[in-house]
Amino acid sequence: MTACFPRQHAIIYNDCLPLTRSHADIMHEISHLMLLHPPHRLRADTGGRHYDSDLEDEANWLGPALLVSEEAALAIAQRGWSAGQAAKIYNVSPSLMQMRLNVTGAMKRVARAA
């Protein structure tokens, strides 16, 4: 989560999780800041967690794109690396890497160009 103060923000994350997860979580929170999402209370008036699916969806797309850009995905495909190999090199989870390779169409684009 990101705690917002008048002149600064603090990202709070669980450092007991694997580093690949921490990278994704931190970049997700940075995405909220980059997208200028407004801060909100942790709890809604109903007592449950406050959740805005539109804002979360935006951060869920931008965070991974910042970790593995389209250019990086194309370079991975050109080098013939598997998602697992590339995930280790980029220090992200294999599922995040596979998602970025899929949404960029990197493998298909490189295969078509060959």
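The model is a predicted one, in which local features need pLDDT of at least 70 and side-chain atom pairs count only at pLDDT 80 or more, while totals for chains, interfaces and linings use all residues. Residues are numbered from 1 along each chain as its sequence is written, and side-chain values use heavy atoms, with hydrogens and water left out.

Let me begin with α5 itself. Helices here are DSSP runs (H or I, at least four residues), numbered from the N terminus. In α5, the residues Leu96, Met97, Arg100, Leu101 and Thr104 are buried, buried meaning under 20% relative accessible area and exposed over 50%, with a 1.4 Å probe and protein chains only. Viewed down the axis of α5, the buried residues fall within an arc of 135°, so they line one face of the helix; the arc is that of the directions from the helix axis to the C-beta atoms. The face turned away from the buried side of α5 carries the exposed residues Pro94, Ser95 and Asn102.

Against what do the buried residues of α5 pack? Their partners are α1, α2, α3 (70–79), α4 (83–90) and α6 (106–113). Just after α5, glycine 105 takes a positive phi of about 65°.

I turn now to two of these pairings. The axes of α2 (residues 53–67) and α5 (residues 94–104) come within 10 Å and cross at roughly 95°. Axes are lines fitted to C-alpha atoms, for helices over the stretch in contact, and angles run from 0 to 180 degrees between N-to-C directions. α2 and α5 are therefore roughly perpendicular to each other, the class for angles of 65 to 115 degrees. Trp61, Pro64, Ala65 and Leu67 of α2 make the contact with Leu96, Met99, Arg100 and Val103 of α5, where contact means heavy atoms within 4.5 Å. By class, this contact has seven nonpolar, no polar and one charged residues, with Ala, Val, Leu, Ile, Met, Phe, Trp, Tyr, Cys and Pro counted as nonpolar, Asp, Glu, Lys and Arg as charged, and the others, Gly among them, as polar.

α4 and α5 pack at about 110°, with their axes 8 Å apart, and are therefore roughly perpendicular to each other. Ala83, Ala86, Ala87 and Tyr90 of α4 meet Pro94, Met97, Gln98 and Leu101 of α5. These residues divide into seven nonpolar, one polar and no charged.

Finally, histidine 28 is found in α1 (residues 19–34). Is histidine 28 buried or exposed? At 12% relative accessibility, histidine 28 counts as buried. Leaving aside neighbours within four places in sequence, histidine 28 is in contact with Glu56, Ala59, Asn60 and Gly63.

Methods: Helices (H or I, at least four residues) and strands (E, at least two) are DSSP runs, numbered from the N terminus. Angles under 35 degrees count as roughly parallel, over 145 as roughly antiparallel, 65 to 115 as roughly perpendicular and the rest as oblique.
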